[in-house]
Amino acid sequence: MNSNSARLLLRNLLLHRQNRISLWLHQSNGYSSVSFIRSPETLGSREPRDLYFTISPWKRMLSSASAPEKREEVREISVSDGGKGEIGKRQPEAVTVSSYWGVAPLKATREDGSPWPWNCFMPWDAYKTDLSIDLTKHHVPKTFLDKFAYRTVKILRIPTDIFFRRRYGCRAMMLETVAAVPGMVGGMLLHLKSLRKFQQSGGWIKALLEEAENERMHLMTMVEIVQPKWYERFLVLTVQGVFFNAFFILYLLSPKLAHRIVGYLEEEAIHSYTEFLKDIDSGAIENIPAPAIAIDYWRLPKDATLKDVVIVIRADEAHHRDVNHFASDIHFQGKELREAPAPVGYH
Ligand SMILES: [Fe+2]
Ligand SMILES: [Fe+2]
């Protein structure tokens, strides 16, 4: 078989495989998403999670005849679901696929039909924060490890207070660069443990990675409000290098202590955001309009302000506090995280 024949065979195999692709998507909120159709077997159901993305197979077969490197594809139909499980108006949509691999970009809309402007998160990642969460809850340190965790966090706060004082916007932006690390480290180590031990994680990998992602979105929001200066960027590099490695080793040695420390860090974050709100209320910090990314991510009203954003971020931190103290409690009871169902999607 010469090289041209081999390439043709490989291409045909790939196209055959792609014809059978159906990418199931978890649609867990009220946003409508175009570029999806219902699977034939679920057309009768009214379950919005049964939406899936498809590419017209016959179109691929046609294109495989000439097999151009770049070709145009048309997605078969689009469905506006409205989050209510009702099939809306179908409309054809042309999508230009510039890749041989046919990885077409997803296109989504907001509820009002305007194009979804973000690639970093999609409508089904957005949510409404549960603001009813108790912000005052505190894990009283009783054991030696608890007290060690609590003292460590209190000591870490001293240089932060000295460096930032009441510059809460800047403080929040910088601390979010650190806050997004523990979930990623914990999720990564649980992932590796799952592979090593041939065990499920009980959903904890996903829960911790969700936390990391949520914290990163806090950062993406804060950076819209406060632009970091060059020396702050340098500080982030240094702190990340130290903190990632320190937390990585700590999590290997004692996930119980690691989660307890994060639980107390989250309690401090709630305190910081409460002080941030006080300064907004007093006028010391201007209550500017909320960044567009925050309005879409937390599904805030269009006229939302910085104060609304800080309120939802603070509620997120309270959820992280609960998740991490809960994780530490599981270890304190001599169990593994996978033995307790993980709080996936806990916002
Ligand atoms: Fe955060
Ligand atoms: Fe947090």
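Student: Let's start with Asp161: is Asp161 buried or exposed?
Tutor: Keep in mind that this is a predicted model. Asp161 has 11 other C-beta atoms within 10 Å. A residue counts as exposed with 12 or fewer such neighbours, so Asp161 is exposed.

Student: How far is Asp161 from Arg171 in space, C-alpha to C-alpha?
Tutor: Asp161 belongs to helix H3, which covers residues 144-164. Arg171 is ten residues away from Asp161 in sequence. Between their C-alpha atoms, the separation in space is 8.9 Å.

Student: Thanks! On to the whole chain: what pattern of helices and strands does it follow along the sequence?
Tutor: The chain has nine helices and five strands. Read along the sequence, they come in the order α-β-β-β-α-β-β-α-α-α-α-α-α-α.

Student: What percentage of contacts between residues at least 6 apart in sequence join residues at least 24 apart?
Tutor: For background, the chain has 347 residues, of which 27% count as buried. Among the contacts you ask about, the share that joins residues at least 24 apart is 72%.

Student: Where does UniProt place the feature "transmembrane region"?
Tutor: The record here is an unreviewed entry. In the model, residues 173-192 are 100% helix and 0% strand, with the end C-alpha atoms 30 Å apart. Residues 234-253 are also 100% helix and 0% strand, and there the end C-alpha atoms are 29 Å apart. UniProt places the feature at both stretches, residues 173-192 and 234-253.

Student: How do the residues of the contact of H6 with H7 divide by class?
Tutor: H6 contributes Phe247, Leu250 and Tyr251, while H7 contributes Pro255, Leu257 and Ala258. By class, they divide into six nonpolar, no polar and no charged.

Student: And how is H7 oriented to H9?
Tutor: Helix H7 covers residues 255-282, and its axis is 8 Å from that of H9. The packing angle is about 160°. Angles over 145 degrees fall in one class, which means that H7 and H9 are roughly antiparallel.

Student: How many residues of each class are in the contact of H7 with H9?
Tutor: The two helices cross in a left-handed sense. The residues of their contact divide into 15 nonpolar, eight polar and eight charged.

Student: At what angle do H5 and H9 pack?
Tutor: H5 runs over residues 204-225 and H9 over residues 306-332, with their axes 11 Å apart. The two are roughly antiparallel, and their packing angle is about 155°.

Student: Which residues of H9 make the contact with H5?
Tutor: The crossing of H5 and H9 is left-handed. From H5, the contact uses Ala207, Glu211, Asn214, His218, Thr221 and Ile225. By class, the contact has six nonpolar, four polar and two charged residues. The H9 side consists of Leu306, Val309, Ile313, Asp316, His320 and Val323.

Student: What is the phi of Phe198?
Tutor: Phe198 is in the loop between helix H4 (168-197) and H5. Phe198 is exposed, having 6 other C-beta atoms within 10 Å. Although Phe198 is not a glycine, its phi is positive, at about 55°.

Student: Last one: where does Arg299 lie?
Tutor: Arg299 also has a positive phi of about 55° without being a glycine. Arg299 counts as partly exposed, with 19 C-beta neighbours inside 10 Å. Its place is in the loop between helix H8 (292-297) and H9.

Key: Residues numbered from 1 in each chain as written. Chains lettered and ligands numbered in written order. Predicted model: local features only at pLDDT ≥ 70, side-chain atom pairs only at ≥ 80, totals over all residues. Axes fitted to C-alpha atoms, helices over the stretch in contact; angles between N-to-C directions. Helix = DSSP H or I, 4+ residues; strand = E, 2+ residues; numbered from the N terminus. Parallel < 35°, antiparallel > 145°, perpendicular 65-115°, else oblique. Left-handed = near helix turned anticlockwise from the far one by under 90°. Contact = placed C-beta atoms within 7 Å. Nonpolar A, V, L, I, M, F, W, Y, C, P; charged D, E, K, R; others polar. UniProt positions renumbered as here; feature names shortened; annotations may be inferred. Buried ≥ 20, exposed ≤ 12 C-beta atoms within 10 Å, placed from the backbone.
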